[in-house]
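Subject: Structure for your files

Hello,

Here is the structure I said I would pass on. Please have it open while you read the notes below it.

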Amino acid sequence: MDLYRWFFGLPDPNEEASFDNTFDRLIARGRRRNRSPYWKLLRWSEYIWRTIHFKFTNMRDYIWRSTLGRWIYVKVGRMATEAATMRFLSSHTSIPIPRVWITFGWGGYHYIFMERLQGAVLEDVWDRLSEDLRGAVANQIKGYVTQLRALPPPPGLKSICSIQGGPVWCFRLNFDGKTGPFRDEEHMNLQLRHLKSLQDFTPIVQTVHARKHPLVFTHNDLFPRNIMIEEKTGKIIAILDWESAGWFPDYWEYCKCINWGAWRVEQKYWKDWVPRMIPVYAEEAEADRVLLWESGFRDLSPFQHAP
């Protein structure tokens, strides 16, 4: 029996009874497992598995980058509508978007095989750009946003939704990401207020949430990390990450770019350029800021969907 306990690192009942607290028991358990051949074998097996997995992953990535990965980028996303959005915008606007080759769902995820573009992520090179190049980037984005907002919504559209009428991926609107569709702006406002009554909020929130705004097509995640450029010229090569896009109130793009993601380094400079790219909605942005920071939510997104 003693040999059995030693091999598997099991506790001795007599020894356990001598401990006064849980901490001593944990220390004793750790010592037993350090001496146990069984636990040594488990740790060794885990180390071998991790080493093999690491080397296999590196080899797989190297082979992919050296072959098809030179021309194809695979995005693993959560929304089936992203590929449809990219194809729709490619045929209805001049916004540079990677060409979608194949898309399919598997294992709860959606895979998009798209064109791999060569360029720099704006977030990585912003500090190196001159003021003229920054201005050139801002002007291009302004033009693309104008094209998005000019897309005619389907006749009679009242729902705030994706290009296909379903949910979108937006952490500002739902803590888990997936959110919508919303029946109308009032329904979305209820979500933003964490399902609380309008009378519980400051006058600026009450004023803005009593308004009705037209619905326009919105990127909903228009940040430097989702923009690729040619660093030397400032030419935008691609606007990426369309899983959050859809029909939203016309103020939403501005509020999202101004108030969301304050913890990110890019936001320290990006929000100063937003008014040059997106129509300004000062009161709506202030109401959104109050909801984020001064209403007791402390930058927390809603945890449940408005009924």
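The model is a predicted one.

The UniProt record, an unreviewed entry, gives residues 51–263 as "domain: Aminoglycoside phosphotransferase". In the model that span is 35% helix and 20% strand, and its end C-alpha atoms are 35 Å apart.

Helix α4 covers residues 37–66. From first C-alpha to last, its 30 residues reach 43 Å, close to the 44 Å expected at 1.5 Å a residue.

S36 sits in the loop between α3 (22–35) and α4. Is S36 buried or exposed? Its relative accessibility is 0%, so S36 counts as buried, the cut-off for that being under 20%. Leaving aside residues up to four places away in sequence, S36 touches W6, F7, F8 and G9. S36 also makes polar contacts at the start of α4: a side-chain oxygen comes to within 3.2 Å of the backbone nitrogen of Y38, and the side chain reaches the backbone nitrogen of W39 at 3.3 Å.

The other item is a hairpin. Strands β2 (residues 100–106) and β3 (residues 109–115) run antiparallel and are joined by 6 bridges. V100 has M114 as its bridge partner in β3. There are 2 residues between the strands, and G107 takes a positive phi near 65° in this hairpin.

Regards

Definitions and conventions: Residues are numbered from 1 along each chain as its sequence is written. This is a predicted model: local features need pLDDT of at least 70, side-chain atom pairs count only at pLDDT 80 or more; totals for chains, interfaces and linings use all residues. Side-chain values use heavy atoms; hydrogens and water are left out. Helices (H or I, at least four residues) and strands (E, at least two) are DSSP runs, numbered from the N terminus. Buried means under 20% relative accessible area, exposed over 50%, partly exposed in between (1.4 Å probe, protein chains only). A polar contact is a pair of N or O atoms within 3.5 Å; within protein, one must be able to donate a hydrogen and the other to accept it, and residues adjacent in sequence count only if both atoms are side-chain atoms. Contact means heavy atoms within 4.5 Å. Two strands pair if DSSP finds at least two bridges between them. UniProt positions are given in the numbering used here, feature names are shortened, and annotations may be inferred rather than shown by experiment. The expected span of a helix is 1.5 Å times one less than its number of residues.
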